[in-house]
Every structure is written in structure tokens, then in C-alpha cells.
Amino acid sequence: MVSFDPQNIQDSINLIRKSTTVALLTHMHPDGDAMGSTIGMFHYLESLGKECRIILNDRYPHFLEFMVDPQVQTSLLVHEEDPVGVKAYLERCDLTFCMDFNRFSRLEHLEEAAKTSKAHRILIDHHPAPAAEEFDLLFSETAISSASELTWWFLKEILNGETSRLPKASLTALMTGMTTDTNNFANSVFPSTLQMASELLEAGVDRDEILYNLYNRLSENRLRLMGHLMQDVLEITEDGVAFILLSEEDQKRYPIREGETEGFVNMPLSIDCVKMSIFSREDNGKARISIRSKKGTSANRCAARWFNGGGHEQAAGGRLIFREDVPSFKEVPDYIRTSTHKFMTEDNE
Ligand code: 5GP
Ligand code: MN
């Protein structure tokens, strides 16, 4: 079970008490856990009467729209759309919550403005190796499902167990973030995760509605694209590395929304001989990379060594920039074959 340093908890309580203007930050390309942990914390701070803004580098994918209620909507500041507003808010806030990322470079274009803010910084995260010097207080735990789960235990601790003081919207957001990061209880499930789920169900969170919103409202094109990718594009190397490439051409053929490729990368792991799976999507001068691995193979090390990224042991991501790492998308398959062969035979002992 998660245990907290009492001094860190007391310091957090004091920082929250003293603050009037709070910024909530999360990583670029926000996913369900990024939004869940951030929105969960947001609703709690709003209930205390704080002025709060959720600040994103870029917008969340469409399938997470259901998490963004009008209160969250009006609080949102997106750097890609309003860099001046973001900078102005970060200059005047006095507390920052850093949710679901371990170093400021994960904020991409938001990094500079966030770093120049004088506000205190509290980290709530579950990625390995946080940049400790970048934060004032760290709640960093890797043996946990998600930042959303850690946020739940953090809030329970600072409320001294009185979770009935948390708004319902906060609980729903945390359950949603935990659900997406565990892939609906398929990965990274700890005893504490099931306990959290149980407590949230007890508190009246509607899990059926969350599952409906997450998994039953996708487009027809998404399913047809998935069929095409699994049938015609998937390749498996002799080292047990599966990879799928989604070109801009296929994206035009099967128009889907940002975020609708979520889950594709996991599918080849169902094959016995596959140890690691890579999904790459052509995106504006680069190939975005998602990696998932089975135990014994490190997605994190492969992403860091070959794909300018990182993440968790079994789930990581990165990118290949055209003309820097590879000439163009056409060369990505060769790059993946060669780099993963080296990785699987040399580095991954
Ligand atoms: P996804 O494949 O879902 O985009 O990312 C999987 C995991 O890897 C997430 O926890 C995400 O935060 C992390 N991740 C994705 N891209 C990067 C990256 O470029 N750098 C680092 N350090 N982590 C990443
Ligand atoms: Mn996460």
C-alpha cells in the first residue's frame, strides 16, 4: 500500500492552505491519466475556493471530451492556442501541481513558461527517475497504477480520510484516469488499485458510464483502420518485435480523430512470440512512437536508447524526427528492424 512521508504531507497541506492561485500542469499529448489526475485535483482545489487553471501544452484527444465539464472547460489554458495567457497566469500563480510527468522537458513548448514561474511545485507522478531538483515536494511512486491512483491516496491522506469532502466529479476523473492507464485493469494493477476502485465504487462513482464513454463511443473508421493495420501492415521480426506503421496516406483513407489509435499498440502482444510491440504514426515531419513490452523486455530503455523518449518499464513512447533520425517515414520500418534487432540482441540482457 502507498505510504507517504508525514512531513511531505504536512508541507503540502500548508502550501495548499497558503495558496490563492493554482496552476495544474500535465504532460504534452495528454492522455486519460494526465487528464484524470489533473481534473481530479482541480475539482478538489476549486471546492476550497482557490482560483485554478489547468494548463496544457496541446489539447486532449476528442474521446476524453466527456471528462471536461463546463467548470473544467472555462479553466483550461492551452499553450498551443494561447501562449500569452499561459505565461501571464504562470507568472501570477503561487502554487503548481505537476501531474503525471517526471521532468519539465515533458511539457514541450510549455516548459519555458512553467520553469520561469516562481510558484511552489508539487509533483504527483508514477514515472521512474523524476528530476527531483525541478520540484519542491515530490510524491513519486512507481509501484502504482497511475498518477490518478496516487492522487486519490494523496487526497485521502491530506483530508485525513474524510474523502466525502471530495466533489463527485473529482472521484469520477480519478477512476477514469486509473482505468485508462491500466487499460481497464489489464496492466499495472496493484492491491492498492483494486482498493481504490472499491472505495470509489462505494462512494458512488458510475463505472458503467465511464466504460461506455471510454470504449463504446469510437468511430466506425477506427475499427476498419484497425482491421487494415492488423491484416496488411503488421510485421513481426525474428526477435519477437511486432510493429505497425500508420502512414499519412492511411490516415486520409480512414479519417480518425486524435487519440483513436489508443490501444492498437497493445494488440500484437497477444501473440505468443511477440515480446515487444511498436506503433508508429506519421505526424507532421515526424514519426510518433508508442512501445509496449512483456515482462523481461524494457520498453522504457528501448524508447530512451532508440526513439528519443522514455516512459515506464512496460509502456513508453518517443519520436523519430525526419531528416534528423530518419530521412522520411518510408525509412522507419528499416530503422525499427535494425534498432530493435540491436536492442533485443545486445542491450536487453
Ligand atoms: P503512449 O505510448 O501511450 O503515448 O505513452 C506511454 C507512456 O510513455 C506514457 O506513460 C507516457 O507518459 C510515456 N511517454 C510517451 N512519450 C514519451 C517521451 O517522449 N518521453 C518520456 N520520457 N516518456 C514518454
Ligand atoms: Mn500516467
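Four phenylalanines, Phe 4, Phe 97, Phe 139 and Phe 154, come together as one aromatic cluster in this predicted model. The count of aromatic pairs comes to 11. Take Phe 139 and Phe 154: their ring centres are 4.9 Å apart and their planes sit at 65°, and planes over 60 degrees apart count as edge-to-face, so that's the label this pair gets. The two partners come from distant parts of the chain, with Phe 139 in strand E6 (residues 137-140) and Phe 154 in helix H6, 15 residues apart.

In general, nonpolar side chains in soluble globular proteins tend to be buried together. Here, the largest nonpolar core has 51 residues, and the members touching the most others are Met 41, Leu 45, Phe 97, Ile 124, Phe 139 and Phe 154. Another core lies apart from it, with 22 residues that include Ala 299, Trp 306, Leu 320 and Phe 343.

On the H6 side, Ser 148, Thr 151, Trp 152 and Leu 155 do the meeting, and on the H7 side they find Ser 170, Leu 171, Leu 174, Gly 177 and Met 178. Sorted by class, this contact has 5 nonpolar and 4 polar residues, with no charged ones.

Charged residues do turn up over aromatic rings elsewhere. The charged end of Arg 305 sits over the ring of Trp 306, 3.9 Å from its centre. Arg 53 lies over the face of Tyr 89, at 5.9 Å from the ring centre.

Finally, there's Glu 313, in the loop between strand E11 (310-311) and strand E12 (315-321). At 43% relative accessibility, Glu 313 falls between the 20% and 50% cut-offs and therefore counts as partly exposed. Leaving out residues up to four places away in sequence, Glu 313 touches Ser 293, Thr 297, Ser 298, Ala 299 and Asn 300. Leu 214 is 99 residues from Glu 313 along the chain, and their C-alpha atoms are separated by 25 Å.

Methods. Residues are numbered from 1 along each chain as its sequence is written. Chains are lettered from A and ligands numbered from 1 in the order in which they are written. This is a predicted model: local features need pLDDT of at least 70, side-chain atom pairs count only at pLDDT 80 or more; totals for chains, interfaces and linings use all residues. Side-chain values use heavy atoms; hydrogens and water are left out. A nonpolar core is a set of buried Ala, Val, Leu, Ile, Met, Phe, Trp, Tyr and Cys residues joined through side-chain atoms within 4.5 Å. Buried means under 20% relative accessible area, exposed over 50%, partly exposed in between (1.4 Å probe, protein chains only). Contact means heavy atoms within 4.5 Å. Helices (H or I, at least four residues) and strands (E, at least two) are DSSP runs, numbered from the N terminus. Ala, Val, Leu, Ile, Met, Phe, Trp, Tyr, Cys and Pro count as nonpolar, Asp, Glu, Lys and Arg as charged, and the others, Gly among them, as polar. Rings of Phe, Tyr and Trp (its six-membered ring) pair if their centres lie within 6.5 Å; planes under 30 degrees apart count as stacked, over 60 as edge-to-face and the rest as tilted. A charge sits over a ring if NZ of Lys or CZ of Arg is within 6 Å of the ring centre and within 35 degrees of the ring normal.
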